[in-house]
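Open the model in your viewer and keep the selection tool ready. We will go stop by stop.

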Amino acid sequence: MRENHRFLVIQDVEQAEPVRELESPFAGTVFSDNGTIRPCTGCFGCWIKTPGRCVLPDPYRDMGAYLANSGELVLVSRCCFGGPGPFVKNVLDRCISYVHPYFVIKNGEMHHRQRYHHSYGLTVVFYGGATPEEQRTAQEWVQAMAVNLYGRVNEVRFVEQPPDWRDLLRTLL
Amino acid sequence: MICGSPKGKNSASWVILQGLRDALPPQAAVREYAIRTAPLPEQALRGIAACDVLVFAMPLYVDGLPSHMVGALLQLEADFRETPQKERTAYALVNSGFYEGHQNAHALHMLRHWCRRAGVRWGQGIGAGGGGMLPETQNIPMGHGPKKRLGQALQTLAEAIVSGGQAEDLYITQNFPRVLYRMSAESVWRRKGRKNGLSKQELFAAPGEGPTA
């Protein structure tokens, strides 16, 4: 069992209600697409109006808090030209409340300061026939995202067919 | 010219595109599109598909493309595949609030990969750091002061576009010391917070020891 076995799953394989608690033996939350998610508008309201919380009133507004309460972030996404698909990326774009607008210098680069004294493991499964060049970009993107959002990359996997994310979680227990 | 910022004309991406437009010859036939959400309306899709040169400008979101642009690009890719005989060249400008331009590299690589899939020739990409200061410094001409390097990069890009050429991607930082950029940015966040009635300490709120939704 991972150190903190509370999962945060963001997946685009199956359409479902936006927020569901995972059922035993898993603990945590799964975020899915039901076609209602709103894109980040770049307003920075989650930094300067309601710090730590997105101002858009939908089920994805507390992504920072969900991330802060998770031991493992699991992304299951179609790979689109070396990055995640629109839904998974949309949820991640809504996660910036997890960090603070102030800057720090890490590895000689500017990044955002931590809001929560917390970090999490990161497992990413891309599906959908990425080329080797796209796989390289996707790997690099995951590493960069982990630096900016204070995660630790455990695994990045590429598969052809959309995987069953519950089977994936079993391998992580 | 395709502005992929959800902020449209209030964005750094828009400021950069206007700087590029000023660097292009006046006779260049330019259409402007602002993509704030996906899917694209049919009229915008048809208009973009009719262009020979596509210039994308967008902000970096979580180290990659904003999600609505991923959706819009998938839509364009599907459309372009239906007209593989049409030759198109794409140029791209990605900016971020981080100081270092190279942090935009992954987003530019994704746009390159999209080009391969959509049958579009890649022209050149520019990754610009310090995007946050651009809407605040619109009174300073491009190519001068803190915008010196950005202005030079836009001139290079304009020349590549006019010649239909390809060039190496460029990564630039603004002509402004990093320590001052950081201090200025943090001062702006505090000022904006105060306007919303928030103290400096309140900007550090960490809500939801347990999720609240």
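In which hand of crossing does α1(B) pass α5(B)? Keep that question in mind while you set up.

This is a predicted model: local features need pLDDT of at least 70, side-chain atom pairs count only at pLDDT 80 or more, and totals for chains, interfaces and linings use all residues. Residues are numbered from 1 along each chain as its sequence is written, while chains are lettered from A and ligands numbered from 1 in the order in which they are written.

**Stop 1: two helices of chain B**

Select residues 12–23 of chain B, helix α1, and residues 148–163 of chain B, helix α5. Helices here are DSSP runs of H or I with at least four residues, strands are runs of E with at least two, and both are numbered from the N terminus. The two helices pack at an angle of about 55°, with their axes 9 Å apart. Axes are lines fitted to C-alpha atoms, for helices over the stretch in contact, and angles run from 0 to 180 degrees between N-to-C directions. α1(B) and α5(B) are therefore oblique to each other. (Under 35 degrees counts as roughly parallel, over 145 as roughly antiparallel, 65 to 115 as roughly perpendicular, and the rest as oblique.)

Now the answer: the crossing of α1(B) past α5(B) is right-handed.

Next, show the contact residues. From α1(B), pick B:Gly19, B:Leu20 and B:Ala23; from α5(B), pick B:Gly151, B:Leu154, B:Gln155, B:Leu157 and B:Ala158. Two residues are in contact if their C-beta atoms, placed from the backbone, lie within 7 Å. Five of these contact residues are nonpolar, three are polar and none is charged. (Ala, Val, Leu, Ile, Met, Phe, Trp, Tyr, Cys and Pro count as nonpolar, Asp, Glu, Lys and Arg as charged, and the others, Gly among them, as polar.)

**Stop 2: all of chain B**

Zoom out. Chain B has six helices and six strands. From the N terminus, they run β-α-β-α-β-α-β-α-β-α-β-α.

**Stop 3: where the chains meet**

Which elements give two or more residues to the side of chain B that touches chain A? First, the totals: 46 residues of chain B and 45 residues of chain A take part in the contact. The elements are α3 (67–80), α4 (105–118) and α6 (178–195) of chain B. This side of chain B has 23 nonpolar, 15 polar and eight charged residues.

**Stop 4: loops of chain A**

Select A:Phe81, in the loop between β4 (72–80) and β5 (83–84). Its phi is positive, near 45°, and it is not a glycine. Is A:Phe81 buried or exposed? A:Phe81 counts as buried, because 26 C-beta neighbours lie inside 10 Å. (Buried takes 20 or more other C-beta atoms within 10 Å, exposed 12 or fewer, and partly exposed lies in between; C-beta atoms are placed from the backbone.)

Go to A:Asn107, in the loop between β6 (99–106) and β7 (109–114). Its phi is also positive, about 50°. A:Asn107 is exposed, with 6 other C-beta atoms within 10 Å.

**Stop 5: two cis bonds**

Select A:Ser24 and A:Pro25: the peptide bond between them is cis, with omega near 15°. A:Pro25 lies in the loop between β2 (19–21) and β3 (27–33) of chain A. Finish at B:Ala38 and B:Pro39, joined by a cis peptide bond with omega about 0°. B:Pro39 sits in the loop between β2 (33–34) and α2 (42–49) of chain B.

How values were computed. A crossing is left-handed if the near helix is turned anticlockwise from the far one by less than a right angle, and right-handed if clockwise.
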